[in-house]
Amino acid sequence: MTGTLLAATLAGIPLLPVTATAAPTSDGTAEIFTFADQADGSLDTPVGTSTLARDKSGISATFRTGQLRAHHAYTLWIVVFNRPENCAQPCNEDDIFVGGDPRGPMNTATIKAADIHAVYGGGKVADASGTTRIDTHLPVRDASREDLLAKVNPGAALKETQGAEVHLVLRSHGPKISGQVEEQLGSYAGGCTTFLHPPAVPKNEGECADLQFAVHPPQARAAR
């Protein structure tokens, strides 16, 4: 199990939900679930709420969540499927890794066909109650951020907001590490020396894992 996420981390790709959550409301709200619950096959209890607003200039999201470890570092990752109609349906790890296995080769054909883009969306330290809120914005055609899939799909960016499927993935970087907090809050592998797989949750310094996710399916695609 640990080796699976280690392979994914070395590849620089967040885990993705295997199945989509319930459809969002008309205001762009989606429930947040844990990868541990998904591994158990029980997506019954949301741990937070994600909202996504779309306009012609880009997407803006607010990720409000709980059931986190107090004073641990977390980052948010935005995974954009510009052409979700070309996903395996629903869009998931099968579209990034052959057979959905991060230990295997990258699914280059589908990454390009679905035009997948995966970028940093912010970082925060959870408060004393184990909650956090991360606000993020991704402009259309902004290729200035590091893209975790750049080697496979160079030049990718958010192309058109209404037709894109957007997955938000919350990653734990474990307890704050003296002298490394900025790195922990600013990169996918920041502060990570041990890579865990759900349902394991980082408890000690150096332990990292993807913990939670929200899925925002596409809205009506603009005419091309």
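The model is a predicted one. A disulfide is a covalent bond between the sulfur atoms of two cysteines. The model contains two disulfides. With the bonded cysteines of the protein chain numbered in sequence order, they pair as 1-2, 3-4.

**First stop: Cys-87 and Cys-91**

Please select Cys-87 together with Cys-91 and display their side chains; the two residues form a disulfide, with 2.1 Å between the sulfur atoms. Viewed along the S-S bond, this link of Cys-87 and Cys-91 is right-handed, at 95°.

Are these two cysteines buried or exposed? Cys-87 has a relative accessibility of 9% and therefore counts as buried, since the cut-off is under 20%. Cys-91 is likewise classed as buried, at 3%.

**Second stop: Cys-192 and Cys-208**

Next, select Cys-192 and Cys-208, which are joined by a disulfide with an S to S distance of 2.0 Å. The link of Cys-192 and Cys-208 is left-handed, with -95° about the S-S bond.

Which parts of the chain does this pair tie together? Cys-192 is found in the loop between helix H4 (181-184) and strand E8 (194-195), whereas Cys-208 belongs to strand E9 (residues 207-216), so the bond connects parts that are 16 residues apart in sequence.

Cys-192 counts as buried, with a relative accessibility of 13%. Cys-208 is buried too, its relative accessibility being 0%.

Conventions. Residues numbered from 1 in each chain as written. Predicted model: local features only at pLDDT ≥ 70, side-chain atom pairs only at ≥ 80, totals over all residues. Heavy atoms only, no water. Disulfide = S-S within 2.5 Å. Buried < 20%, exposed > 50% of the residue type's maximum accessible area, 1.4 Å probe, protein only. Helix = DSSP H or I, 4+ residues; strand = E, 2+ residues; numbered from the N terminus.
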